[in-house]
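Q: I would like to go through the words used for a protein model, one at a time. Please set each value against its definition.

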Amino acid sequence: MKTISILNLKGGVGKTHAAANMAYELYRRGCKVLLIDNDKQGNLSRTYNRYRAREIAPVTKILSLQYGMDEGLIQETDYKWLDIITSNMSLFGATWNLTKEEGVMQIERYKDFVDWIGIDEVYDYCIIDNPPDVGINVVNALAITDEVIVPVKIDEDALEGLDIVADQIGQAEAFNDRLKLAGVLVTSYQNTNGEAAGLEWLKAHSTYKVLGVIRYSKKVAESSFMRKPIYEYSPCCAAAQDYKKFVTAYTGKER
(Lines give C-alpha, C1' and ligand atoms only; values in the text may rest on other atoms or scores of the structure.)
Protein backbone atom coordinates (compact mmCIF):
# COMPACT_ATOMS: atom_id res chain seq x y z
CA MET A 1 0.00 0.00 0.00
CA LYS A 2 1.22 3.49 -0.83
CA THR A 3 0.18 6.19 1.62
CA ILE A 4 -0.16 9.76 0.33
CA SER A 5 -0.69 12.82 2.52
CA ILE A 6 -2.33 15.90 1.02
CA LEU A 7 -0.82 18.80 2.95
CA ASN A 8 -0.34 22.55 2.77
CA LEU A 9 -0.06 25.00 5.66
CA LYS A 10 -2.02 27.53 3.60
CA GLY A 11 -5.79 27.19 3.68
CA GLY A 12 -8.17 27.46 0.74
CA VAL A 13 -5.98 25.66 -1.77
CA GLY A 14 -8.27 22.71 -2.42
CA LYS A 15 -6.72 20.03 -0.22
CA THR A 16 -9.94 18.17 0.47
CA HIS A 17 -11.08 18.35 -3.15
CA ALA A 18 -7.69 16.99 -4.24
CA ALA A 19 -7.86 14.10 -1.76
CA ALA A 20 -11.45 13.24 -2.65
CA ASN A 21 -10.94 13.27 -6.39
CA MET A 22 -7.55 11.58 -6.41
CA ALA A 23 -9.12 8.75 -4.41
CA TYR A 24 -12.05 8.52 -6.81
CA GLU A 25 -9.75 8.41 -9.84
CA LEU A 26 -7.69 5.64 -8.24
CA TYR A 27 -10.90 3.73 -7.54
CA ARG A 28 -11.93 4.11 -11.18
CA ARG A 29 -8.67 2.40 -12.12
CA GLY A 30 -9.57 -0.66 -10.07
CA CYS A 31 -7.50 0.27 -7.00
CA LYS A 32 -8.64 -0.40 -3.45
CA VAL A 33 -8.46 2.95 -1.66
CA LEU A 34 -8.71 4.00 1.98
CA LEU A 35 -9.33 7.66 2.84
CA ILE A 36 -8.39 9.11 6.22
CA ASP A 37 -10.03 12.40 7.17
CA ASN A 38 -7.40 13.93 9.44
CA ASP A 39 -9.08 17.33 9.73
CA LYS A 40 -11.50 18.14 12.55
CA GLN A 41 -13.71 20.08 10.10
CA GLY A 42 -14.63 16.74 8.52
CA ASN A 43 -14.99 18.08 4.98
CA LEU A 44 -13.70 14.88 3.38
CA SER A 45 -16.24 12.92 5.42
CA ARG A 46 -18.95 15.28 4.18
CA THR A 47 -17.81 14.84 0.58
CA TYR A 48 -18.49 11.12 0.79
CA ASN A 49 -21.69 11.53 2.85
CA ARG A 50 -20.28 9.89 5.97
CA TYR A 51 -20.04 12.87 8.33
CA ARG A 52 -21.61 12.33 11.75
CA ALA A 53 -21.41 15.43 13.97
CA ARG A 54 -22.64 13.96 17.24
CA GLU A 55 -20.56 10.80 17.41
CA ILE A 56 -17.00 10.27 18.50
CA ALA A 57 -15.29 10.04 15.13
CA PRO A 58 -13.29 6.93 14.19
CA VAL A 59 -10.13 8.98 13.67
CA THR A 60 -10.56 10.33 17.21
CA LYS A 61 -10.80 6.81 18.63
CA ILE A 62 -7.62 5.81 16.80
CA LEU A 63 -5.61 8.76 18.17
CA SER A 64 -7.03 8.11 21.65
CA LEU A 65 -6.36 4.35 21.54
CA GLN A 66 -10.05 3.75 22.30
CA TYR A 67 -11.03 1.11 19.80
CA GLY A 68 -11.43 -2.59 19.26
CA MET A 69 -11.60 -4.91 16.27
CA ASP A 70 -15.40 -4.62 16.10
CA GLU A 71 -15.55 -0.83 16.23
CA GLY A 72 -16.33 -0.34 12.54
CA LEU A 73 -13.73 2.40 12.25
CA ILE A 74 -13.42 1.92 8.49
CA GLN A 75 -16.66 2.72 6.69
CA GLU A 76 -17.69 1.90 3.16
CA THR A 77 -18.64 4.77 0.85
CA ASP A 78 -21.06 4.54 -2.08
CA TYR A 79 -18.18 3.18 -4.20
CA LYS A 80 -17.00 -0.38 -3.70
CA TRP A 81 -13.46 -0.54 -2.31
CA LEU A 82 -13.31 3.20 -1.69
CA ASP A 83 -13.52 3.32 2.11
CA ILE A 84 -13.07 6.07 4.67
CA ILE A 85 -12.06 6.73 8.28
CA THR A 86 -14.14 9.76 9.16
CA SER A 87 -13.57 12.82 11.34
CA ASN A 88 -15.46 15.58 13.14
CA MET A 89 -14.83 18.15 15.87
CA SER A 90 -14.13 15.40 18.42
CA LEU A 91 -10.67 15.22 16.82
CA PHE A 92 -9.83 18.55 18.45
CA GLY A 93 -10.02 17.08 21.94
CA ALA A 94 -8.00 14.02 20.96
CA THR A 95 -5.15 16.08 19.54
CA TRP A 96 -5.17 18.37 22.58
CA ASN A 97 -4.94 15.44 24.98
CA LEU A 98 -2.25 13.76 22.90
CA THR A 99 0.02 16.83 23.05
CA LYS A 100 0.14 16.42 26.85
CA GLU A 101 1.53 12.90 26.58
CA GLU A 102 5.19 12.05 26.22
CA GLY A 103 7.25 9.49 24.34
CA VAL A 104 7.48 8.04 20.85
CA MET A 105 4.04 6.44 21.20
CA GLN A 106 2.63 9.95 20.88
CA ILE A 107 3.40 9.96 17.14
CA GLU A 108 2.69 6.30 16.37
CA ARG A 109 -1.07 6.07 16.89
CA TYR A 110 -1.91 5.76 13.18
CA LYS A 111 1.04 3.46 12.62
CA ASP A 112 -0.08 1.14 15.42
CA PHE A 113 -3.61 1.03 13.97
CA VAL A 114 -2.38 0.30 10.44
CA ASP A 115 -0.09 -2.47 11.69
CA TRP A 116 -2.69 -3.95 14.03
CA ILE A 117 -5.55 -4.15 11.57
CA GLY A 118 -3.39 -5.17 8.59
CA ILE A 119 -4.48 -2.37 6.25
CA ASP A 120 -1.35 -2.77 4.11
CA GLU A 121 -2.63 -6.15 2.97
CA VAL A 122 -6.08 -4.86 2.01
CA TYR A 123 -5.66 -1.55 0.16
CA ASP A 124 -3.52 -0.35 -2.73
CA TYR A 125 -3.58 3.31 -1.65
CA CYS A 126 -4.28 5.32 1.48
CA ILE A 127 -5.02 9.03 0.96
CA ILE A 128 -4.87 11.33 4.01
CA ASP A 129 -6.54 14.76 3.99
CA ASN A 130 -4.71 16.97 6.48
CA PRO A 131 -5.58 20.36 8.03
CA PRO A 132 -3.47 23.47 7.30
CA ASP A 133 -1.19 23.02 10.29
CA VAL A 134 1.36 20.60 11.69
CA GLY A 135 -0.43 19.45 14.84
CA ILE A 136 0.16 16.11 16.49
CA ASN A 137 -2.47 14.47 14.28
CA VAL A 138 -0.54 15.60 11.18
CA VAL A 139 2.72 14.30 12.66
CA ASN A 140 0.98 10.95 13.19
CA ALA A 141 -0.09 11.04 9.54
CA LEU A 142 3.45 11.79 8.36
CA ALA A 143 4.67 8.80 10.37
CA ILE A 144 2.80 6.47 7.98
CA THR A 145 3.14 8.54 4.79
CA ASP A 146 5.22 7.57 1.77
CA GLU A 147 4.68 10.72 -0.30
CA VAL A 148 3.33 14.22 0.35
CA ILE A 149 1.45 16.10 -2.37
CA VAL A 150 1.08 19.84 -1.81
CA PRO A 151 -1.92 21.53 -3.50
CA VAL A 152 -1.23 25.17 -4.41
CA LYS A 153 -3.09 28.00 -6.07
CA ILE A 154 -1.12 30.33 -8.31
CA ASP A 155 -1.60 33.72 -6.67
CA GLU A 156 0.57 36.26 -4.89
CA ASP A 157 0.78 34.00 -1.82
CA ALA A 158 1.02 30.71 -3.72
CA LEU A 159 4.48 29.75 -2.54
CA GLU A 160 3.92 30.82 1.06
CA GLY A 161 4.46 27.83 3.30
CA LEU A 162 6.01 25.53 0.70
CA ASP A 163 9.47 25.82 2.25
CA ILE A 164 7.94 25.23 5.68
CA VAL A 165 6.19 22.08 4.43
CA ALA A 166 9.47 20.85 2.96
CA ASP A 167 11.23 21.58 6.25
CA GLN A 168 8.57 19.70 8.22
CA ILE A 169 8.95 16.72 5.91
CA GLY A 170 12.70 16.84 6.46
CA GLN A 171 12.18 16.73 10.22
CA ALA A 172 9.65 13.91 9.93
CA GLU A 173 12.17 11.80 8.04
CA ALA A 174 13.83 11.25 11.44
CA PHE A 175 10.99 8.86 12.36
CA ASN A 176 9.91 7.83 8.85
CA ASP A 177 12.74 7.32 6.40
CA ARG A 178 10.31 6.46 3.56
CA LEU A 179 8.78 9.93 3.59
CA LYS A 180 9.37 12.27 0.66
CA LEU A 181 7.85 15.31 -1.00
CA ALA A 182 6.39 14.09 -4.28
CA GLY A 183 5.60 17.58 -5.59
CA VAL A 184 2.85 20.13 -5.99
CA LEU A 185 -0.59 19.95 -7.56
CA VAL A 186 -1.70 23.27 -9.00
CA THR A 187 -5.42 23.83 -8.36
CA SER A 188 -8.02 26.34 -9.66
CA TYR A 189 -5.67 27.39 -12.45
CA GLN A 190 -6.74 30.16 -14.82
CA ASN A 191 -4.58 30.88 -17.84
CA THR A 192 -3.98 34.57 -17.19
CA ASN A 193 -0.60 36.21 -17.76
CA GLY A 194 0.08 36.31 -14.02
CA GLU A 195 -0.85 32.69 -13.34
CA ALA A 196 0.99 31.48 -16.43
CA ALA A 197 4.14 33.24 -15.20
CA GLY A 198 3.70 31.75 -11.73
CA LEU A 199 3.27 28.27 -13.17
CA GLU A 200 6.41 28.61 -15.28
CA TRP A 201 8.35 29.69 -12.19
CA LEU A 202 7.11 26.63 -10.31
CA LYS A 203 8.06 24.29 -13.16
CA ALA A 204 11.54 25.81 -13.29
CA HIS A 205 12.03 25.47 -9.52
CA SER A 206 13.62 22.06 -9.17
CA THR A 207 12.66 21.67 -5.49
CA TYR A 208 8.96 21.43 -6.30
CA LYS A 209 7.97 19.12 -9.12
CA VAL A 210 4.63 20.04 -10.70
CA LEU A 211 2.62 16.81 -10.72
CA GLY A 212 -0.46 18.23 -12.39
CA VAL A 213 -2.52 21.33 -13.16
CA ILE A 214 -6.23 21.42 -12.34
CA ARG A 215 -8.03 24.16 -14.25
CA TYR A 216 -10.65 26.34 -12.59
CA SER A 217 -14.24 25.27 -13.06
CA LYS A 218 -17.40 26.50 -11.34
CA LYS A 219 -18.49 22.85 -11.41
CA VAL A 220 -16.02 22.18 -8.59
CA ALA A 221 -18.08 24.13 -6.05
CA GLU A 222 -21.27 22.57 -7.38
CA SER A 223 -19.88 19.04 -7.04
CA SER A 224 -18.86 19.75 -3.43
CA PHE A 225 -22.37 20.96 -2.65
CA MET A 226 -23.86 17.85 -4.29
CA ARG A 227 -21.41 15.55 -2.42
CA LYS A 228 -20.08 13.93 -5.58
CA PRO A 229 -16.61 13.52 -7.10
CA ILE A 230 -16.12 16.04 -9.88
CA TYR A 231 -15.87 13.41 -12.63
CA GLU A 232 -19.15 11.84 -11.61
CA TYR A 233 -20.89 15.21 -11.33
CA SER A 234 -19.55 16.80 -14.54
CA PRO A 235 -17.21 14.47 -16.46
CA CYS A 236 -16.64 16.87 -19.35
CA CYS A 237 -15.62 19.89 -17.28
CA ALA A 238 -11.99 21.02 -17.26
CA ALA A 239 -11.33 20.05 -13.63
CA ALA A 240 -12.69 16.52 -14.08
CA GLN A 241 -10.53 15.94 -17.15
CA ASP A 242 -7.48 17.36 -15.38
CA TYR A 243 -7.87 15.10 -12.34
CA LYS A 244 -8.14 12.16 -14.70
CA LYS A 245 -4.96 13.26 -16.49
CA PHE A 246 -3.12 13.92 -13.22
CA VAL A 247 -3.82 10.49 -11.73
CA THR A 248 -2.93 8.77 -15.02
CA ALA A 249 0.44 10.57 -15.00
CA TYR A 250 0.99 9.88 -11.30
CA THR A 251 0.22 6.17 -11.44
CA GLY A 252 0.97 5.33 -15.07
CA LYS A 253 -2.47 3.70 -15.26
CA GLU A 254 -5.11 4.74 -17.80
CA ARG A 255 -8.80 4.15 -17.25
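A: Start with burial: a residue is buried under 20% relative accessible area, exposed over 50%, and partly exposed in between, with a 1.4 Å probe and protein chains only. By that cut-off, buried residues make up 50% of the 255 residues in the chain. The model is a predicted one, in which local features need pLDDT of at least 70 and side-chain atom pairs count only at pLDDT 80 or more, while totals for chains, interfaces and linings use all residues. Residues are numbered from 1 along each chain as its sequence is written, and side-chain values use heavy atoms, with hydrogens and water left out.

Q: What share of the contacts with a separation of 6 or more joins residues 24 or more positions apart?
A: Contact means heavy atoms within 4.5 Å. Of the contacts in the chain with a separation of 6 or more, 78% are between residues 24 or more positions apart.

Q: Why is Ala239 called buried?
A: Its relative accessible area is 0%, so Ala239 falls under the 20% limit and is buried. Ala239 sits in helix H11 (residues 238–251). Beyond its neighbours within four places in sequence, Ala239 contacts Ile214, Arg215, Ser217, Val220 and Ile230. Ser217 is 22 residues from Ala239 along the chain, yet their C-alpha atoms are separated by 6.0 Å.

Q: Is Tyr123 buried or exposed, and how do you know?
A: Tyr123 has a relative accessible area of 6%; this is under 20%, so Tyr123 is buried. Its place is the loop between helix H5 (109–117) and strand E5 (125–129). Not counting residues up to four places away in sequence, Tyr123 touches Met1, Lys32, Val33, Leu34, Ile74, Trp81 and Asp83.

Q: How do you know whether Leu199 and Leu202 are buried or exposed?
A: Leu199 has 7% relative accessibility and counts as buried, and Leu202, at 1%, is buried as well. Helix H8 (residues 193–204) holds Leu202, and Leu199 is also in helix H8. Leu199 touches Ile154, Val186, Tyr189, Val210 and Val213, leaving out residues up to four places away in sequence.

Q: What makes a group of residues a nonpolar core, and which members of the largest one touch the most others?
A: A nonpolar core is a set of buried Ala, Val, Leu, Ile, Met, Phe, Trp, Tyr and Cys residues joined through side-chain atoms within 4.5 Å. The largest one has 33 residues, of which Met22, Tyr48, Ile127, Ile149 and Phe246 touch the most other members. Helix H1 (residues 15–28) gives the most to this core, with seven residues. Another core, of 24 residues, lies apart from it and includes Leu73, Leu98, Ile107 and Phe113. In soluble globular proteins, nonpolar side chains tend to be buried together.

Q: Why are Leu65 and Ser188 called partly exposed?
A: Leu65 has a relative accessible area of 42%, so it lies between the 20% and 50% limits. Ser188, at 29%, counts as partly exposed too. Leu65 is in the loop between helix H3 (58–64) and strand E3 (75–76), whereas Ser188 is in strand E7 (residues 180–189).

Q: What is phi in Leu65 and in Ser188?
A: Phi of Leu65 is near 60°, and phi of Ser188 is about 50°. Most residues other than glycine have a negative phi.

Conventions: Helix = DSSP H or I, 4+ residues; strand = E, 2+ residues; numbered from the N terminus.
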